[in-house]
Amino acid sequence: MRCLMPVPVARAALALALPLAAAGAQAQGRGCAITAYTDPPREVLACPDGLQISAEKGAEYRLIDRDRDGRAEAVDLRSKGLLIEVAPRRRGGFQVLTPHAIASVRGTVWAVDVAAATTAVFVQQGAVAVSRSAAPEATALLRAGDGVDVDAGAGPLQVKRWPNERRLHLLARFGR
């Protein structure tokens, strides 16, 4: 995969295999645009196919275009958090890969937060399948209001209804 930097992105590494060469046009691959916000500090990547990714300041991630068609099918998140929205009309699913977890969805809104020892996944709308990176065959299904903390352990994932305070704190990092 060829890595292209769309625009300077607050320490986030956005990498897309796009058939574009001009640095200024790279963020516009397949019509996607990046918008910076200050309250709270974040950047939002919005694509016309229904994918929207809000990255909090300092998030380290890269987009993955497996079939090189200019549309990201996944994001590799290494630190901090992302809020992902995948419209029901968008063809194909979408995955978030972290050191601890793999989250896969269609038509939903969810947040993923990576820390040194854990990955937290929270679903605001829709449903998300989550598994440990080391054991992708053991999947837990999260529905709206559910969250899970995934560590490097081997036990079953403990899906829980997240308390309102934890939900609001996480979503506030993305201006929600």
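Tutor: Start with the overall score. The protein chain averages a pLDDT of 82, and 83% of the residues score at least 70. pLDDT is the predictor's confidence in each residue, from 0 to 100. This is a predicted model: local features need pLDDT of at least 70, side-chain atom pairs count only at pLDDT 80 or more, and totals for chains, interfaces and linings use all residues. Residues are numbered from 1 along each chain as its sequence is written, and side-chain values use heavy atoms, with hydrogens and water left out.

Student: Where does pLDDT stay under 50?

Tutor: Over residues 1-29. The model has 74 contacts beyond four places in sequence for that stretch. Contact means heavy atoms within 4.5 Å.

Student: And which elements have the lowest and the highest mean pLDDT?

Tutor: E7 has the lowest, at 89, and strand E13 (residues 160-161) the highest, at 98. Helices (H or I, at least four residues) and strands (E, at least two) are DSSP runs, numbered from the N terminus.

Student: Stay on E7. Which strands does E7 pair with?

Tutor: Strand E6 (residues 94-97) joins E7 through 4 bridges, antiparallel. E7 and strand E10 (residues 127-132) also pair in the antiparallel sense, over 5 bridges. Two strands pair if DSSP finds at least two bridges between them.

Student: How many residues sit between E6 and E7?

Tutor: 3, and the two strands form a hairpin. Gln95 has Ser104 in E7 as its bridge partner. On the E10 side, Ala103 stands opposite Val130.

Student: Why call E7 largely enclosed?

Tutor: Because 4 of the 5 residues of E7 (residues 101-105) are buried. Buried means under 20% relative accessible area, exposed over 50%, partly exposed in between (1.4 Å probe, protein chains only).

Student: Now the packing. How many residues are in the largest nonpolar core?

Tutor: 32. Leu82, Ile84, Phe94, Val96, Trp110 and Val130 have the most contacts inside it. Strand E5 (residues 74-86) gives the largest share, 5 residues. A nonpolar core is a set of buried Ala, Val, Leu, Ile, Met, Phe, Trp, Tyr and Cys residues joined through side-chain atoms within 4.5 Å.

Student: What does Val96 touch, leaving aside its neighbours within four places in sequence?

Tutor: Val75, Leu77, Ile84, Ala101, Ile102, Ala103, Trp110 and Val112.

Student: How many aromatic pairs turn up?

Tutor: 2 in the whole structure. The Phe94 and Trp110 rings have centres 6.5 Å apart and planes at 65°, so that pair is edge-to-face. Phe94 is in strand E6 and Trp110 in strand E8 (residues 108-114), 16 residues apart. Both residues are buried. Phe122 and Trp162 are stacked: 5.2 Å centre to centre, 20° between the planes. Rings of Phe, Tyr and Trp (its six-membered ring) pair if their centres lie within 6.5 Å; planes under 30 degrees apart count as stacked, over 60 as edge-to-face and the rest as tilted.

Student: Are Phe122 and Trp162 buried or exposed?

Tutor: Phe122 is buried, at 2% relative accessibility. Trp162 is buried too, at 5%.

Student: Last topic. Which cysteines form a disulfide?

Tutor: Cys32 and Cys47, with sulfur atoms 2.1 Å apart. A disulfide is a pair of cysteine sulfur atoms within 2.5 Å. The S-S torsion is about 110°, so this disulfide is right-handed.
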